[in-house]
Amino acid sequence: MDGVSFEVRPGEIVGLVGPNGAGKTTIINMILGVLEPTAGYVRIAGIDLARSRSQALAHTNFAAAHVPLPGNLTVEQNLRVFGLIYGVTGLSARIETLLADYDLQRHRQTKCGVLSSGEQTRVSLAKAMLNRPRLLLLDEPTASIDPASARDIRARIVAFAAGDQGGVLWTSHNMYEVAEVCHRVLFLAHGKILLEGEPDSLIRTHGAATLEDLFVSVAHETLAPDGGPK
Amino acid sequence: MMRASRVAAVVVRQFYLLRGSPVRLLPMVAWVAIDIVLWGFITRYLNTVTGPGFNFVPALLGAVLLWDFLSRVMQGVTTAFFEDVWSRNFLNLFATPLTISEYLSGLVITGVTTSLFGLAAMLILATTAFGLSFLAYGVALVPFVLVLFLSGIALGILGAAIVLRFGPASEWLIWPIPAVLSPFVGVFYPLSILPGWMQAIAHLLAPSYVFEGMRSIVAGKGAPMTELAFGAGLAVAYVVLACLVFARVYRYAIRTGLIARYSAESVS
């Protein structure tokens with residue numbers, strides 16, 4: 001990472017996009033406190049992560065396609081364990097709500113390891129919503145979900161941002177999805193933010209037909225042999 | 001500040017895994033029971049071929065039981081940690097408000113609880129089948145168990161730190177630790193049998209004082225409480241040291257990103 005600086009405001013959904021290896025997951029790992037930046041700081045709900053790690057992380061949560069929950073616990077057991085970790089009050093009722101919201105009631109006694117990848121993603125999202133985080137981090141949350149379920153998931157996350165006023169940082173390779181749900185987009189390459197703005201504004205400003213076209217042109221430019229971060 | 005609900009989360013997760021999992025429950029009692037049966041018959045045989053006046057049951061079978069107890073405490077802590085290694089749960093756990101002290105407390109409570117099952121099985125078997133009476137050790141049994149508890153906890157936390165630092169494959173370095181230590185702590189023989197350099201190491205190991213104390217009681221000399229107190233002090237120091245080592249390794253894993261790339265075993 002080099003000079004990366006941004007904020008996610010309450011109720012805002014920010015898309016973090018870029019080619020593979022651009023540093024999207026690295027940024028998310030830094031915000032989650034599992035990778036220490038060599039310089040700079042991370043603040044969650046105004047709390048400095050380096051100084052008050054536990055307090056800061058209590059205001060966040062995440063779901064990542066590449067980080068499944070333990071497969072040897074059932075859906076309900078996983079939600080209970082992580083609900084205890086996040087100190088969720090009224091945990092049993094919260095679990096029931098999330099099981100209903102994410103269509104997981106019939107899987108509550110099923111071990112996560114035997115669920116389909118799409119079902120596992122829904123469990124991860126339910127876990128991520130347990131503590132109504134002030135900052136929700138989503139690393140390709142719809143990567144393994146069918147289009148109908150993905151649309152449903154997107155609607156729930158948009159509702160979460162609007163209703164609970166949580167900020168959302170969302171990485172995705174699906175530019176149509178990013179254009180649909182994100183209020184702001186950060187284009188990342190080689191560990192730097194190259195472009196930042198509202199999806200429609202970025203498309204207009206750079207004369208692209210779609211966000212995907214803009215992504216491809218930026219990616220080609222930065223990944224070309226003589227192309228470096230501008 | 002430690003929060004009880006977060007410590008409980010670590011314990012509850014282990015409880016869920018143990019409940020209804022015979023492959024996790026059986027080893028808690030099976031291996032120690034086999035050890036007691038094997039050494040029970042060995043001591044019974046030794047009592048028949050040696051002269052009267054020395055009872056091998058409290059000297060040898062008691063030693064096996066106490067040593068197995070330490071091993072079970074250690075393995076209880078490390079196995080609870082390995083569950084998170086095996087299920088690749090580090091990112092889920094360490095990207096939460098859970099602190100290291102809460103996590104280690106949860107592992108220790110789990111390890112101590114599971115080891116008590118093994119201890120109960122050993123005691124029942126050794127007492128009913130081979131006539132071992134722990135009443136023979138008197139009040140010294142309290143510091144015996146305390147020192148072994150603390151030593152097992154310290155070894156368990158140290159083992160977890162080693163695996164966190166060097167990756168899942170280093171698990172195989174952890175299982176034999178009790179076997180490596182046993183010649184030094186004089187489980188079956190007095191420390192005076194050992195060469196000088198081994199005795200020097202033995203005096204730095206808290207369990208040595210338990211087994212020397214046990215032999216002192218069996219020989220009718222009473223419990224060396226001063227030495228046992230020193231052993232208890234050493235064991236407390238081990239626990240503090242092991243926690244510091246784990247915290248240091250954890251900070252290294254965060255600083256370098258090892259936790260986020262744990263399956264790669266190193267970040268280089």
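A pocket is an open set of grid points with protein on both sides within 12 Å along at least five of seven lines. In this predicted model, the second largest pocket holds about 720 Å³ of space. Its lining comprises 30 residues, and those nearest its centre are B:Pro27, B:Trp31, B:Arg72, B:Gln75 and B:Trp175. Five helices of chain B, namely α1, α2 (22-49), α3, α5 (100-130) and α8 (177-185), each give two or more residues to this lining. The largest share, eleven residues, belongs to α3(B). By class, the lining of the second largest pocket divides into 16 nonpolar, nine polar and five charged residues.

Helix α3(B) also takes part in two helix contacts. Two packed helices are described by the angle between their axes and the distance between the axes. The axes of α3 (residues 56-86) and α10 (residues 206-218) of chain B come within 10 Å and cross at roughly 155°. Because an angle over 145 degrees counts as roughly antiparallel, α3(B) is roughly antiparallel to α10(B). Their crossing is right-handed. From α3(B), the residues B:Pro58, B:Ala59, B:Gly62, B:Ala63, B:Leu66, B:Trp67 and B:Leu70 meet B:Pro207, B:Val210, B:Phe211, B:Met214 and B:Val218 of α10(B). The residues of this contact comprise eleven nonpolar, one polar and no charged.

The second contact joins α3(B) to helix α1 (residues 4-18) of chain B, at an angle of about 85° and with the axes 11 Å apart. The two helices are therefore roughly perpendicular. Here B:Arg13, B:Gln14 and B:Leu17 of α1(B) contact B:Ala80, B:Glu83 and B:Asp84 of α3(B). This contact has two nonpolar, one polar and three charged residues.

In chain A, attention turns to helix α1. The largest pocket has a volume of about 890 Å³ and is lined by 27 residues, with A:Phe6, A:Ile31, A:Tyr41, A:Val42 and A:Arg43 nearest its centre. Both α1 and β2 (43-44) of chain A supply at least two lining residues, and α1(A) provides the largest share, three residues. The lining of the largest pocket has 15 nonpolar, six polar and six charged residues.

The largest cavity contains about 50 Å³ of space. Its lining consists of A:Thr25, A:Ile28, A:Asn29, A:Leu32, A:Phe62, A:Ala64, A:His66, A:Val67 and A:Asp139, together with B:Leu91. By class, six lining residues are nonpolar, three polar and one charged.

How values were computed:
Residues numbered from 1 in each chain as written. Chains lettered and ligands numbered in written order. Predicted model: local features only at pLDDT ≥ 70, side-chain atom pairs only at ≥ 80, totals over all residues. Heavy atoms only, no water. Axes fitted to C-alpha atoms, helices over the stretch in contact; angles between N-to-C directions. Helix = DSSP H or I, 4+ residues; strand = E, 2+ residues; numbered from the N terminus. Parallel < 35°, antiparallel > 145°, perpendicular 65-115°, else oblique. Left-handed = near helix turned anticlockwise from the far one by under 90°. Contact = heavy atoms within 4.5 Å. Nonpolar A, V, L, I, M, F, W, Y, C, P; charged D, E, K, R; others polar. 1 Å grid on protein atoms, 1.4 Å probe; cavity = no way out; pocket = protein on both sides within 12 Å on 5 of 7 lines; lining within 4 Å. Points joined across faces, edges and corners; volume = space filled by probe spheres on them.
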